[in-house]
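Look at the sequence and the model below. The text starts from a single residue and then turns to the sheet and to a pair of helices.

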Amino acid sequence: MPHPTPINGFDWNAVDSVLLDMDGTLLDRHFDNFFFEEELPRRYALERRLPLDAAREYLFALYRSVERELDWTDLHYWTRRLGLDLVAMTKELEHMIGFLPGAEAFLRGVRARGKRIALVTNAHPAGVEIKVARTSLHRYVDRIVDAFEVGYLKMRPEYWPACQRLLGFDPARSLYIDDDESCLDSARAYGIGHIYHSAKSSTQRPPHPSTRFRSVENLAALLPD
């Protein structure tokens with residue numbers, strides 16, 4: 001039997017497990033960009049009676065100070081640190097949460113191929129719960145693993161062996177897609193065999209293809225016509 005032609009350089013016969021990032025890969029990162037770059041600074045400025053630019057500069061410095069640590073995405077940590085209820089804010093703005101174009105078609109196509117699908121996200125469990133309830137994302141995946149269950153964010157080298165113990169995937173026969181190149185770097189170093197970069201993470205911003213990883217703007221492009 002002839003070997004099927006790979007789709008966009010990708011051969012589905014080489015993969016058993018599909019590991020997918022959530023925000024910026026399956027879900028539109030416009031929600032998160034707006035939440036952390038616009039709305040949270042606005043509300044913090046009002047709470048502390050600060051100019052918006054000053055509030056934004058202060059918060060961005062705080063974000064950078066815990067980057068790569070669990071606190072970076074911990075909604076409870078930021079609630080304590082800022083005195084604002086981020087879980088309540090997420091629920092208030094949940095109407096902005098939605099799939100990226102092509103994401104649901106991709107998930108259905110992968111499911112039809114009988115592949116095991118795991119959602120692997122840096123997001124906090126409270127945020128994951130709200131987003132899953134809003135999108136019914138759980139219908140498409142076999143397992144949802146947030147970084148707090150693993151104990152590390154995905155860009156940390158400690159993440160992948162711990163994640164593998166939880167999911168039991170074969171790195172060489174796994175496909176991993178993410179919009180964060182630092183997470184892809186960590187996965188490649190661990191030996192994940194098939195890696196793609198999500199180049200169109202937000203519907204409100206232009207695509208940013210990677211110079212170091214194969215990029216795709218719409219996940220459905222990885223499926224046959």
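Arg-29 is partly exposed, with a relative accessible area of 23%; the term covers values between buried (under 20%) and exposed (over 50%), taken with a 1.4 Å probe on protein chains only. The model is a predicted one, in which local features need pLDDT of at least 70 and side-chain atom pairs count only at pLDDT 80 or more, while totals for chains, interfaces and linings use all residues. Residues are numbered from 1 along each chain as its sequence is written, and side-chain values use heavy atoms, with hydrogens and water left out.

Arg-29 sits in the loop between β1 and α1 (30-48). Helices (H or I, at least four residues) and strands (E, at least two) are DSSP runs numbered from the N terminus. Apart from neighbours within four places in sequence, Arg-29 is in contact with Asp-21, Asp-23, Gly-24, Asp-179, Ser-201 and Ser-202, where contact means heavy atoms within 4.5 Å. The C-alpha atoms of Arg-29 and Ile-97 are 8.5 Å apart, although 68 residues separate the two along the chain.

β1 pairs with strand β2 (residues 116-121) in the parallel sense over 4 bridges; two strands count as paired if DSSP finds at least two bridges between them. Ser-17 has Arg-116 as its bridge partner in β2. β1 also runs parallel to strand β4 (residues 174-178), joined by 4 bridges, and here Val-18 is partnered by Leu-175.

These strands belong to an open sheet of 6 strands with parallel pairing, in the order β3-β2-β1-β4-β5-β6. Its edge strands, β3 (143-146) and β6 (215-216), each pair on one side only. β3 is joined to β2 by 4 bridges in the parallel sense, with Ile-144 of β3 as the bridge partner of Leu-119.

Next come two helices. Helix α2 (residues 52-65) packs on helix α3 (residues 75-82) at an angle of about 135°, with the axes 13 Å apart. Axes are lines fitted to C-alpha atoms, for helices over the stretch in contact, and angles run from 0 to 180 degrees between N-to-C directions. α2 and α3 are therefore oblique to each other, a class left over once angles under 35 degrees (roughly parallel), over 145 (roughly antiparallel) and 65 to 115 (roughly perpendicular) are set aside. Leu-59, Leu-62 and Tyr-63 of α2 meet Trp-78, Arg-81 and Leu-82 of α3.
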